[in-house]
Amino acid sequence: MTPGNEPDSGQDPAAAKAKSRKTGPKIPRKVTADRLRNIALYHLERYATSADNLRQVLYRRVLKAARHHETDMDQARAWIDDIVGGLVRARAVDDRSYADGKARSMSRRGQSKRKIQAYLASKGVDRDTIDAALSALGEDDGNDPDLDAAHAYARRRRIGPYRRDQESTPDLRQKELATLARAGFSYDIARQVLDADPQV
């Protein structure tokens with residue numbers, strides 16, 4: 001196609017340019033029960049979540065919309081409780097399954113039981129459910145899950161037996177013990193990892 005022969009879209013180029021230009025932050029739509037239900041379902045399609053965390057996600061959306069629209073907060077809370085309660089009854093949201101899956105994935109990535117416990121608590125999972133999820137770790141292979149997680153963490157950080165080029169010194173050992181302690185591992189677990197045979 002040669003210049004000058006482009007099809008005419010019927011739209012003024014200046015108007016098209018102005019339309020494509022951002023005019024400021026997008027104003028959220030007013031919340032309704034249906035809109036909150038759609039937000040909840042979309043969130044569940046993308047993320048595993050606990051009931052309390054989903055409730056917080058929806059409440060944050062209500063607060064965001066309330067800055068721009070008149071909002072009955074009591075009514076919005078009732079909608080949220082109804083939506084989350086319905087999803088729990090339908091088992092689309094299950095704190096036990098969420099806690100089990102999150103504990104396994106975090107442990108594989110080298111997170112200590114303490115870190116996993118703190119994370120799940122921050123998502124509103126109750127103590128008994130957290131304890132059950134942590135107890136289930138290591139049941140399949142009989143290994144100590146915190147020791148396995150500490151090795152995974154050391155491998156990722158290239159410390160202890162996974163160190164590449166530095167020889168161990170007392171100062172370096174103390175530094176690595178402190179690194180493992182900050183990650184939530186006990187002194188005994190940290191010592192076992194650092195005393196393991198070199199893996200590199």
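Me: Why is Arg96 called partly exposed?
Reply: Arg96 has a relative accessible area of 40%. The class takes in values between buried (under 20%) and exposed (over 50%), with a 1.4 Å probe and protein chains only, so Arg96 counts as partly exposed. The model is predicted: local features need pLDDT of at least 70, side-chain atom pairs count only at pLDDT 80 or more, and totals for chains, interfaces and linings use all residues. Residues are numbered from 1 along each chain as its sequence is written, and side-chain values use heavy atoms, with hydrogens and water left out.

Me: What makes the contact of Asp100 and Arg96 a salt bridge?
Reply: The closest N and O atoms of Asp100 and Arg96 are 3.2 Å apart. The term asks for a side-chain nitrogen of Lys or Arg within 4 Å of a carboxyl oxygen of Asp or Glu, so the Asp100–Arg96 pair is a salt bridge. Asp100 and Arg96 are four residues apart in helix H5, and therefore separated by about one helical turn. Asp100 is buried, because its relative accessible area is 16%. A network also occurs elsewhere: salt bridges with shared partners join Arg173, Asp188, Arg191 and Asp195. The structure holds 12 salt bridges.

Me: Which salt bridges does Arg55 form, with Asp52 and with Asp81, and what are the distances?
Reply: The N to O distance is 4.0 Å for Arg55 and Asp52, and 3.3 Å for Arg55 and Asp81. Arg55 lies in helix H3 and Asp81 in helix H4 (residues 73-89), so this pair ties together parts that are 26 residues apart in sequence. Arg55 and Asp52, by contrast, are three residues apart in helix H3, which means a separation of about one helical turn.

Me: What makes Tyr153 and Phe185 an aromatic pair, and why is the pair called tilted?
Reply: The ring centres of Tyr153 and Phe185 are 6.0 Å apart, with 55° between the planes. Rings of Phe, Tyr and Trp (its six-membered ring) pair if their centres lie within 6.5 Å; planes under 30 degrees apart count as stacked, over 60 as edge-to-face and the rest as tilted. The pair is therefore a tilted one. Tyr153 is in helix H8 and Phe185 in the loop between H9 and helix H10 (187-194), 32 residues apart, so the pair links distant parts of the chain. Both Tyr153 and Phe185 are buried. By this rule the count comes to one aromatic pair.

Me: Which residues form the positive surface patch?
Reply: Arg104, Arg108, Arg109, Arg156, Arg157, Lys175 and Arg182 form the patch. Helix H5 (95-108), helix H8 (145-157) and helix H9 (170-182) each give two or more residues to the patch. Patch residues have over 30% relative accessible area and no salt bridge, with like charges joined within 9 Å and nonpolar side chains (Val, Leu, Ile, Met, Phe, Trp, Tyr) within 5 Å. Lys and Arg count as positive and Asp and Glu as negative, while His and the chain ends are not counted. Arg109, in the loop between H5 and helix H6 (113-122), has 46% relative accessibility and so counts as partly exposed.

Me: How many helices and strands does the protein have?
Reply: There are 10 helices and zero strands. The elements are DSSP runs, helices being H or I of at least four residues and strands E of at least two, numbered from the N terminus. Of the 200 residues, 34% count as buried.

Methods
Areas by Shrake-Rupley, 256 points an atom, 1.4 Å probe, with all protein chains shown as cover. Charge placed at Lys NZ, Arg CZ, Asp CG, Glu CD.
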